[in-house]
Amino acid sequence: MLLERDGGMVRGVMLAVALAAATALPGCEEAWTGFVQPKRGNVLGVVEIGSFRSLEECRLAAREALARAGWADGDYACGQGCRERAGVYGPFTCVRTES
């Protein structure tokens, strides 16, 4: 039977399709999340600006966001594997960050 009672076969097929799509699209595994802040070194007021396919796209968008906001003393970071986190070191934590 193609479909098991618990849907295990369906889940397996869906997982295989998702994995194939992720490996077929270059750059998808390298998603970068951009962040800007109004003042360098101040983690209060960090704003997430979105997700980008490459580090260069993230950097460009972050510089544009800082310019639009008029934050001359601002700073930005681009991160991979980011997730929300409450704590002293900021609202997000990332596996890898670049400026």
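Q: How many disulfides does the count come to here?
A: Two, by the rule that a disulfide is a pair of cysteine sulfur atoms within 2.5 Å. This is a predicted model, where local features need pLDDT of at least 70 and side-chain atom pairs count only at pLDDT 80 or more, while totals for chains, interfaces and linings use all residues. Residues are numbered from 1 along each chain as its sequence is written, and side-chain values use heavy atoms, with hydrogens and water left out.

Q: Which cysteine does C58 join?
A: C58 is joined to C78, S to S 2.2 Å. The pair links distant parts of the chain, with C58 in helix 2 and C78 in strand 3, 20 residues apart. Helices (H or I, at least four residues) and strands (E, at least two) are DSSP runs, numbered from the N terminus.

Q: Left-handed or right-handed, that C58 and C78 link?
A: Left-handed, with -100 degrees about the S-S bond.

Q: And are C58 and C78 buried or exposed?
A: Both C58 and C78 are buried. Buried means under 20% relative accessible area, exposed over 50%, and partly exposed in between, using a 1.4 Å probe and protein chains only.

Q: What about the disulfide of C82 and C94, how far apart are the sulfur atoms?
A: They are 2.0 Å apart. The torsion about the S-S bond of C82 and C94 is about 105 degrees, so this disulfide is right-handed.

Q: Where do C82 and C94 lie?
A: C82 is in the loop between strand 3 and strand 4 (83-84), and C94 is in the loop between strand 5 (92-93) and strand 6, so the pair ties together parts twelve residues apart in sequence. C82 is partly exposed, at a relative accessible area of 24%. C94 is partly exposed too, at 22%.

Q: What pattern do the disulfides follow?
A: 1-2, 3-4, counting bonded cysteines along the chain.

Q: How many residues are in the largest nonpolar core?
A: Eleven, including W32, V36, F52, C58 and C78. A nonpolar core is a set of buried Ala, Val, Leu, Ile, Met, Phe, Trp, Tyr and Cys residues joined through side-chain atoms within 4.5 Å.

Q: Which element gives the most to this core?
A: Helix 2, with six residues.

Q: What does A62 touch?
A: A62 touches V36, I49 and Y76, leaving out residues up to four places away in sequence.

Q: And R59, why does that count as buried?
A: Because R59 has 15% relative accessibility. R59 is in helix 2. R59 touches Y76, C78, E98 and S99, again leaving out residues up to four places away in sequence.

Key:
Contact means heavy atoms within 4.5 Å.
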